[in-house]
Amino acid sequence: MRNGTKLLLLAAMALACTACLTAWGAGVAGAASLGLTDSGAPAAQVMFPVGVKPNPLGVGMKPVVFNHLIHEKKVEDCVVCHHTGDPVSCTSCHTVEGAAAGKFITLEQAMHATDIAKREKGITPQSCVSCHEKQLARRECAGCHSIVKAERGNDWCAVCHVVTPKMTQGQMRKGIEGKMAAAENLHLAEETALNKPQAVAVSPQAGPLKVLIGGLADKYQPNLFTHRRHVASLMEAIKDDKLAQAFHSSPETVCAACHHRSPMSTTPPRCGSCHTKDIDPANPQRPTLKAAYHLQCMGCHEGMKVERPRKTDCATCHKPARQSAD
Amino acid sequence: MSQHTIVIPTKDKLFNLEPLLTRTPGNILTWIILAVGLVVTVIRFTMGIGSVANLDDNWPWGLWIGFDLLCGVCLAAGGYFTTVACYVMGMKHFHSAVRPAVTTAFLGYAFVVVALLYDLGHPWRLPYMFFFPGTTSVLFEVGLCVATYVTVLFIEFSVAPMEWLSCKFPWLLKYRKLVIRATILLTIFGVTLSTLHQSSLGSLYLIAPEKLHPLWYSPFMPMFFFVSSMAAGASMVIFEGMFAHKGVHDYMDETHLREADCVVLSFAKAGSFILFAYFMLKFIDMLVQANIPYLFSGYGAWWLLEMFGFVLLPALLYAKGSRDGNVKLCRIASVNAVAGIVLNRFNVSMIAFNYQLPPSDGYFPSIGEICISVFVVTLIVTAYRFIVYNMPVLYEHPDFKGEEH
Amino acid sequence: MNRRKFLTILGSAGVASTLGTAATATKAEAGHVFPYYDESYGVLHDTTRCIGCRRCEEACQKVNDLPKPDKSFDDLSVTATRRRTSADAWTVVNKYEVDGKPFFRKLQCFHCNDPACASACFAKCFRKLPNGAVVYEGSQCVGCRYCMIACPFYVPGFEYDEALDPLVQKCTFCEPRLQEGKLPGCVEACPMDALTFGRRSDLIRIARARISENPGKYVNYIYGEHDAGGTAWMVLAPAVDGKGAKVEQNPIDAGHTMKQLGLNTHLGTQPMGELTYGALGAVPMIVAFWPVLFGGAYAITKRREAMAKQAQDAAVNEARQDVAVAVDAAVRKLEETEGPGAADRARRAMTEALKAREAETAHARHGEEN
């Protein structure tokens, strides 16, 4: 049955392509394409906020362009996303308002929910966000993401909710009504995906080679932090990661893992600007400077499963002072 | 049987110490125990509690509290139980049982205080509780009541030594008369104080619900301790009587011997009722607290053993013994009941206490602690023998025969 | 030293001591809002941050002049054994396995809002201070160790090996240091800020913020917020996500994790001391009611005895009268048949016999009473 559907889709695709290349699609489809998917599904798709209520003005959240090509390579089986086993579009069950077919799970929930209850039997569905969050547990991500929680502001939304400005009001309305032709949809999606701006991360070379952390040196000597080595190794690990490329939307995003809570910049403020040496009565929740260093370093090392140095091997990072006051 | 003569101390020969000093196996054993006890005492007070006891931070209270204090106080309940029965309820045929009961109660309490001195870090500071009264403490209530009750018991008991010494110090007679006139007052005061501190020994553990096993912990522990102390009172009179008849039979007069069996049977009947009531109380409490699941654990089996083997069984034996007029059976039941009370106090204070700690953090009393406890019991027995040999406890003093009181 | 100098010293010592007691007395009175102090301080212990470095133990030993342990503080292997606080070590850090992952927890006095030890002490050695510390004053300690029985956290230790002045010892919240405006030794030494010092109310807010800002990192339960009536020192526990299952956020489910950290969530929310208030409250009742009850029983007994005696006397009298009437009739009959002389003789003999019998019964009754 499933193979049958695939074949059917493939046939439809072939038909659509032929149509584009030959007759009425010829004018719009001149640009490059993303390529073909293994499954035969469209390489990319614009996901409109399909609703059952009449929406003559065509207002709604900006549609999402879903790159099927990239995503299907990351999963083992179609059912990871198509949890019913039927590879239909999400909006056929999950509408903006929720529908009986989708057990009244709204489109917003289906895409964003993170507290999905485990199903007794069958496949536990995943949302875009829950699956992406799970990726953060990967070693190359877990270091930074265990010590800092990414801010979920407009930039974060716009990573997915983006569509080419060439989309017309009419196309949007058609999409919302679910009446857009597959080829037109694919064209819009490819247009968006191919023209998506990519943030170029700041090069590790932009930062200092080494940083002497010695403001607190007392029982231990100052620590010479190999800044460039650390940054370079972090960036090396994610250099081919599409998820990181998509979501690290600013050149300084990686810097912000350690240089957190201040505006992104290549010249961030010193740690001691906020983290005082002794507890700050006005901000008792803020770690003191010593703890801030330890929490950042150890938090990241733990997240990346860096076994050594052990957390209690103090002398590995900073040598004991020659004659401590013991 | 009634033909024996009791040596009544006279002005010239006030002390009758021979039975304590002759070289009988019993006396030799006593001397050995006392000598060992004295040595341990010296070690305890010169090198600290840790040098003789297995107590540690998890087990601040061990055998000395579990046996000497809890069991000591409970088993001395015979004093209030007998005086109330005789004076308040007017059961005059128990009259000959009153003095021995009061004597043992007084000795019991006095030596509870002595034993407590071993357990306290600063024994000489014991009176501090009156200067800095921690009124929120159950222990304060216990201390206050025990201190007062020891005084009351001392006054109640003082009749015997006064009768003994009156031949040499006749002025004592005046005080004796005063005390005898105050008997009923002292009795009622005594039973009030006993109720308070017998129950508050149970209240001591109310503050530690997380440490005591749920089968033993209950908000009604004070009541359980009080009710079981009544059973202990009845049982101890029978239990002590049994040994007295073996050891100091010669110092009993006709009245005592005549009434002894009647006392045993009546107290057995009372003990049977109280133990039944106690059994039902505990059982209903177990049901109300929804503790049935705990019954299927090791502690549950132990609890069932305590309840059936040491509460229900003596209750049944008492019932049968008193109905059949079988004194021997009643005595066996009293041994069973007394063992049950001791078992219950051990359970609360040691066996079911700290039940959540791993077995490696368990507690077992050290040789030193056992020595001290045995030493204290021996002291009580020796003091009892001294009193019985010299004072009119088991017999009526000929000078005061026939006086109504 | 001459005599005058000696007297001066003596006098000033006396004045100083009076002033001292007066000062403490007024202070205690002014601050008497026991048991809850709004402005009291506390410490939040975040077990997800603790790395088991034992710096707190070391600082505690130094700050409080405690005896040095046999094994140095650099030996971290001791954390694997289940240690507890004692007279010589007022704080210890232990390693606990929480769902297979190692975590560390620091043990010390929790400084309860309404401490069980203070409630249990019968010589008033423990006090809860307005700054949050539960302090112990050993000069009036009797050494009964009921505080150790009462403490639900197994905290106080006792100097068992001290012969003359054995005292209970426990964490003081570094009370003397707080007075100087310094942090407790352990808090200051912690390199990870696993210990956060602050007002208790602030700490609860901080703890809540940490729980909500880091979903899946913490168990949704602040140990000590309400446990045992609330404590000044509180603990945040890690949520260990075993097999990718959703982390339980229900506070009731926290017991599983807390138990693995050696924390008991079944202490209830009322102060432990309150468990004894019912029993203590019954004391005045018993004192008032028992004498009435037993006095009444005594009165009833007496009355019953008196009534029984009366009934007995009446019966005896009646019997006696019956005899008298019968005898009288017999004598009269005698008089009729045999003449007055015989009747007189009979009467005299009868009186004598009655007298003798009365004497006999009186003797017998006397004997019985004995």
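At what angle do the axes of helix α13 (residues 298-324) of chain B and helix α14 (residues 327-351) of chain B cross, and within what distance of each other do they come?

Reply: This is a predicted model, in which local features need pLDDT of at least 70 and side-chain atom pairs count only at pLDDT 80 or more, while totals for chains, interfaces and linings use all residues. Residues are numbered from 1 along each chain as its sequence is written, and chains are lettered from A and ligands numbered from 1 in the order in which they are written.

Two packed helices are described by the angle between their axes and the distance between the axes. For α13(B) and α14(B), the axes come within 8 Å and cross at roughly 155° (axes are lines fitted to C-alpha atoms, for helices over the stretch in contact, and angles run from 0 to 180 degrees between N-to-C directions). The two helices, α13(B) and α14(B), are therefore roughly antiparallel to each other (angles under 35 degrees count as roughly parallel, over 145 as roughly antiparallel, 65 to 115 as roughly perpendicular and the rest as oblique). The crossing of α13(B) past α14(B) is left-handed, a term used if the near helix is turned anticlockwise from the far one by less than a right angle, with right-handed used if clockwise.

On the α13(B) side, the residues that meet α14(B) include B:Phe310, B:Leu313, B:Pro314 and B:Leu317, and among their partners in α14(B) are B:Ile332, B:Ala333, B:Ala337 and B:Leu343 (two residues are in contact if their C-beta atoms, placed from the backbone, lie within 7 Å). By class, the contact of α13(B) with α14(B) has 13 nonpolar, six polar and two charged residues (Ala, Val, Leu, Ile, Met, Phe, Trp, Tyr, Cys and Pro count as nonpolar, Asp, Glu, Lys and Arg as charged, and the others, Gly among them, as polar).

Another pair in chain B is α5 (residues 95-119) and α7 (residues 138-157), whose axes come within 9 Å and cross at roughly 145°, and α5(B) passes α7(B) in a left-handed crossing. Among the residues making this contact are B:Phe106 and B:Tyr109 of α5(B) and B:Leu153 and B:Phe157 of α7(B), and its classes come to 12 nonpolar, one polar and one charged.

Chain B as a whole has 15 helices and zero strands (helices, H or I of at least four residues, and strands, E of at least two, are DSSP runs numbered from the N terminus). The radius of gyration of chain B is 21 Å, close to the 22 Å that the globule rule gives for 405 residues, so chain B is as compact as a globular protein of that length (the radius is taken over C-alpha atoms, and the rule is 2.2 Å times the number of residues to the power 0.38). Along the principal axes, the C-alpha atoms of chain B fill a box of roughly 65 × 55 × 45 Å.

Of the two pairs of chains in contact, chains B and C share the most contacts, with 49 residues of chain C in contact with 47 residues of chain B. On the chain C side, α9(C) gives the most, with 13 residues, and that side has 31 nonpolar, 12 polar and six charged residues.
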